[in-house]
Amino acid sequence: MKRYLKQAGNKLLQQAENLHRYKRHRLGVTGFSRAGKTVFITQLTQSVLRVDEPLLEGVSRHPLVGLDLFDAGLLKPARLREDRLARRSQFDFFRHRDSLMGQGRWPEPTQDLAWLDLEIKRAEQAHSLQRLVTPDRLHLEIMDYPGEWLADLALFEQSFSQWSQAAWELALQPHRKTLSEPFRQLLTEVAAHGPDPVPEAVQRKLTDAWQDYLKAARAQGFVLNQPSRVLVPGQMQNFAMLGFFPVPDSLTLPDLQRRLSQLFDAYKIEVESRLGRHFQQLDSQIILVDLLAALEQGEAALKELQQAMQAALRFFRYGNQRGVLRWLTRKIDRVVFAATKADQLVLSERLRLEKLLGALLNEIDPSNDVRARANVRYRAIAALETTQSLVDDQGHEYLLGEEEDGRQQPYYSGQVPDRLPIDWQSLPEQLQLKRWRPLSRVANVNQLLPAYQLGSVLNDLLKDDLK
Ligand SMILES: Nc1nc2c(ncn2[C@@H]2O[C@H](COP(=O)(O)OP(=O)(O)OP(=O)(O)O)[C@@H](O)[C@H]2O)c(=O)[nH]1
Ligand SMILES: [Mg+2]
């Protein structure tokens, strides 16, 4: 008994000590597919792990410039704590790093959940009293996942009937109308003439038609594709619950609706337990938006991106909480909206992109709901800066980087709109974007590659916990 008490006492003491020695911070990296989540997480990790390594030749700015602790010279090299993730799948940092920093290749699209725990340490504080009261370590927890899955967050607040109506209306919008036609035609025919109840073989045909439509919509760059696990199943490959499709109430197919709504409810529960739970426990959030890609894809894609972001924002919990409350119910109190891949633009244009993002935010959060509850910033960033922005003899800014085929030549990217509404007619002439690849001349994978505004973004997000 005495031994047991002693052991319990020691454990308690250790826990109390740990509690005060380190803080835990869960950062939500949010973004639809191809927004740049995996590149952002890899570059962030590389920069804090190799904080003292030399910069790539020709690079003058450290990727963490802008992070107060780094600027003050107090950031020690971080540690990757794989041991703390023994029961979760690990973010494959070294594979992504070797691809980006070793082979000059972008990472593959993410197929499943992956976790990362980074122990970030500050240099010892000289004052021993201060050392006693302030934690010197921060455990930064980050989750990576396929961006397609974000589209499902909108389902949680809907019944099958509500979702059906919304999905049907979306399918009828001009940009999706042709893509959804085979499905809509089949369903309308079944409603008009089909046998009642609908046989399983017909239901399967409808499922296939709906899933083909989702795939076609994704190929066009549209993001509101539900259920998203049809596109990227993760561990839910071949789950029967993926087989639902919308049947609006106006089509009288009560038996089919009942069957599909059971699948819909089962899907919501499954996805909520796999993903939703983690999203409900964030301390801060970066919302990565590939605004430049949306500008290239056109008005419909941008509208849908806005709609999808609004739905996603309703899911997250925002609010300022301090002390014990923060541990009981976590809420996001710092948010950064980041327009990614800004290195596709020359320096002065990146400021215009930032302005455009601000204008978009006004539309996404018209009543300042998120902004009233959390500290919100918006920035244009490039997690991995693949180009240099230079000035020619005539004073014009241009870009120099490696093109897909390895060539390097001056490139003039044009002008990005800095406000809404956008003049879609003149945009293609005004703005010409190019795909760049990560630099392939990197001599060793431990070298640091440049970033644009990465340090400032980390400062916006972590400053309270990283003093
Ligand atoms: N120029 C430039 N391109 C970038 C940058 N970050 C990402 N990209 C491009 O965007 C693509 C997608 O980046 P990822 O990080 O894989 O995107 P993701 O959000 O993880 O995508 P999913 O895994 O599909 O959800 C890359 O293959 C690059 O082509 C950047 O900082 N600069
Ligand atoms: Mg990814």
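Helix axes are lines fitted to C-alpha atoms over the stretch in contact, and the angles between N-to-C directions run from 0 to 180 degrees. The structure is a predicted model in which local features need pLDDT of at least 70 and side-chain atom pairs count only at pLDDT 80 or more, while totals for chains, interfaces and linings use all residues. Residues are numbered from 1 along each chain as its sequence is written, and chains are lettered from A and ligands numbered from 1 in the order in which they are written.

**The two domains**

Begin by colouring residues 21-150 + 277-387 + 440-462 as domain 1 and residues 152-274 as domain 2; these bounds come from an automatic or database domain assignment. The C-alpha centres of the two domains are 33 Å apart. Their contact draws 21 residues from domain 1 and 18 residues from domain 2, a contact being two residues whose C-beta atoms, placed from the backbone, lie within 7 Å.

Next, select helix H10 (291-297) and helix H11 (299-315), the elements that give two or more residues to the side of domain 1 that touches domain 2. Helices are DSSP runs (H or I, at least four residues) numbered from the N terminus. H11 gives the most to this side, with 10 residues. By class, the side comprises 13 nonpolar, three polar and five charged residues. Here Ala, Val, Leu, Ile, Met, Phe, Trp, Tyr, Cys and Pro count as nonpolar, Asp, Glu, Lys and Arg as charged, and the others, Gly among them, as polar.

**H11 against H13**

Show side chains for Gln-306, Met-309, Gln-310 and Leu-313 of H11, which meet Leu-360, Glu-363 and Ile-364 of H13.

**H6 against H7**

Move to helix H6 (residues 160-172) and helix H7 (residues 174-193), whose axes come within 7 Å and cross at roughly 120°. H6 is therefore oblique to H7. Select Leu-170, Ala-171 and Leu-172 of H6 with Arg-176, Lys-177, Ser-180 and Arg-184 of H7, the residues that make the contact.

**Ligand 1**

Finally, centre the view on ligand 1, which 23 residues surround, each with its C-beta atom, placed from the backbone, within 6 Å of the ligand. Lys-37, Thr-38, Trp-106, Thr-110 and Gly-147 are the closest. The shell contains 10 nonpolar, nine polar and four charged residues.

Technical notes: Angles under 35 degrees count as roughly parallel, over 145 as roughly antiparallel, 65 to 115 as roughly perpendicular and the rest as oblique.
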